[in-house]
Amino acid sequence: MNRSAILGTLLAGLISGCSSNVTLQTPTIPEPLLEQIPISIGLRMPDNFQHFVHEEKVYGRNEWSIDLGRSNAALFEQLFGHMFAGVRILGPDDDPQLLPLDALIEPSIDAFEFSTPEQSNTEAFAVWIRYRLKVYDREGQLVSNWPVSAYGKSQTTTMGGSEALQRAAILAMRDAAALMIMKFDNVTRISSLAEKPATETAPAVEPESEEAADADVQTTALEGTQDEAG
Amino acid sequence: MKQARRAIQAPVAILMALSSTACITSTVQDARTGVTGINEGESVVIMAKSYHLGNETELKYIRCIEDNLGRGKDGLRVIPHGQFVDSLFPWFEPRTAPAETKNLAKLMARPGVADRIAEQGIRYIIWLDGDTERVAGGGSLSCAAGPGGGGCFGFAWWQKDADYDASVWDLQGLESAGTVSADVSGTSFMPALVVPLPFIARTQAKACKTLADQLHAFIVQDETA
């Protein structure tokens, strides 16, 4: 190999070293220990749930591209499959009001953020994901609009930052799943939609007794509240 | 050839001798609040306190404690923490895990929790809190390379402190059995005269071995206390 070829290889290595691409493997959440909510729901997910990519240039540092792939969709499909008695995944052309469903849930991603060890001055990557869950009744009325903030953190390993960042993202998804299992019905009152007369809409409620009961667990944020309701 | 080999062997031997006398100090202590002991078929699980509470205990430290507690003919039966957390999902996630023993009764009353814990024979949950940090350092060491070769000159040193606390929860009585703590401080140094010679104090490894040995004694050796 001549000198210019060696220099070219080194230069290519340096250039590729300035950008990091992380592709998340589809996570599998364990079967949760919970009491299933006895209703049938429809789950309608936006396009970015199927292929969410977060790109960010860390100031003065690397350029990051984090491809979450289908991981968000897989998380909600698995989780709601465990949480509700019936789940139907709706396509863009499906009309939920023509289907025998008690409620429709539309999750979306409000925000995705991460920090690198250089930014936090620790040896850990951290990931924050803020989901938004909109719950509609059988008539298509918005009955709950719940922001779910999740956090995951993982230390760097000898395998490198990519693996740690992936693990932090998966931990954030598990964190979101844990929060939803704990508080979904308390915040959204979705179980009340099962037998509700057709003309009523579910009240916008503030979480109360369960909130107090959950105060002894390590809940850290204000995710137990919904910020608006239709 | 033999002379060359001897020339290499001598510094290596000196290096190993110096390494074996690395500058490490350690303190271990326990505070017992209940009677311990473990029966055949019973197991322990090692957990880190939640990072939601600011804890930074390293994953490799948890694995090190697991390995050390389970090692040898007197080793305890240790359930890998990942397996435990998955089997009880979502009740031992960083957000949901009980922060105090007074929350155990409510946790055990949740559907399936007591059964899963019983299936795995878990008698004790050991909660780790703490981390290893670089607390001081100094000196100056610089390296340079050129067409004719390279080398390093100078002297650098750094100190790491590994401070860990372990809270032992007895799931039989749903109460705390006590705490064990290990505080280890190690100073590493690296002189360089063309070739750098690292003398690394294995602070975290020492903290792991020290805490695991004390935890083993705490759990096993107090049947009659």
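B:Leu174 counts as partly exposed because 14 other C-beta atoms lie within 10 Å; a residue is buried if 20 or more other C-beta atoms lie within 10 Å of its own, exposed if 12 or fewer, and partly exposed in between, with C-beta atoms placed from the backbone. The residue sits in the loop between β5 and β6 of chain B. Although B:Leu174 is not a glycine, its phi is positive, at about 50°. Most residues other than glycine have a negative phi, and most peptide bonds are trans.

Another such residue is B:Val194, in strand β6 of chain B. Its phi is positive, about 75°, although it is not a glycine, and B:Val194 counts as exposed because it has 10 C-beta neighbours inside 10 Å. A cis peptide bond, with omega about 5°, joins B:Phe89 and B:Pro90; B:Pro90 is placed in the loop between α3 (81–87) and α4 (104–108) of chain B.

## Basis and confidence of the model

This is a predicted model, in which local features need pLDDT of at least 70 and side-chain atom pairs count only at pLDDT 80 or more, while totals for chains, interfaces and linings use all residues. Residues are numbered from 1 along each chain as its sequence is written, and chains are lettered from A and ligands numbered from 1 in the order in which they are written.

The model scores ipTM 0.80 and pTM 0.80. The pLDDT is the predictor's confidence in each residue, from 0 to 100; its mean over chain B is 88, and 88% of the residues of that chain reach 70 or more. Within chain B, the lowest confidence belongs to helix α1 (residues 2–20), at a mean of 54, and the highest to strand β3 (residues 77–79), at 97. Where pLDDT is low, the predicted coordinates should not be read in detail.

## Overall make-up of chain A

Chain A contains six helices and eight strands; helices (H or I, at least four residues) and strands (E, at least two) are DSSP runs, numbered from the N terminus. From the N terminus on, the order of elements is α-β-β-α-β-β-α-β-β-α-β-β-α-α. Of the 230 residues of chain A, 35% are buried. Among contacts in chain A with a separation of 6 or more, 70% are between residues 24 or more positions apart; two residues are in contact if their C-beta atoms, placed from the backbone, lie within 7 Å.

## Two sheets in chain A

Five strands of chain A form an open sheet with mixed pairing, in the order β5-β2-β6-β7-β8; two strands pair if DSSP finds at least two bridges between them. Its edge strands, each pairing on one side only, are β5 (84–90) and β8 (142–155). Neighbouring strands are turned by 30° against each other on average, direction ignored. Strand β7 (residues 124–136) runs antiparallel to β8(A) and is joined to it by 13 bridges; A:Trp128 has A:Tyr151 in β8(A) as its bridge partner. Helix α3 (residues 71–83) of chain A lies across β2 (37–44), β5 and β6 (103–115), at about 150° to β5(A); axes are lines fitted to C-alpha atoms, for helices over the stretch in contact, and angles run from 0 to 180 degrees between N-to-C directions.

An open sheet of three strands, also with mixed pairing, has the order β1-β4-β3 in chain A. Its edges are β1 (19–23) and β3 (52–57), each of which pairs on one side only, and the twist averages 10° from one strand to the next. Six bridges connect β3(A) with the antiparallel strand β4 (residues 63–69) of chain A, and A:His54 stands opposite A:Ile66 in β4(A).

## The nonpolar core

The largest nonpolar core has 92 residues, of which A:Ile41, A:Ala103, A:Ala172, A:Ala176, B:Ile126 and B:Leu211 touch the most other members. Helix α5 (residues 161–188) of chain A gives the largest share of this core, 17 residues. Such a core is a set of buried Ala, Val, Leu, Ile, Met, Phe, Trp, Tyr and Cys residues joined through C-beta atoms within 7 Å. Leaving aside neighbours within four places in sequence, A:Ile41 is in contact with residues including A:Phe80, A:Phe84, A:Ala103 and A:Ile105.

## Helix α6 of chain B

Helix α6 (residues 203–220) of chain B has 18 residues. Its buried residues include B:Ala207, B:Leu211, B:Leu215 and B:Phe218. Among the elements that cover the buried residues of α6(B) are β1 (23–32), β2 (43–48) and α2 (59–70) of chain B.

Definitions and conventions: Expected span 1.5 Å × (residues − 1).
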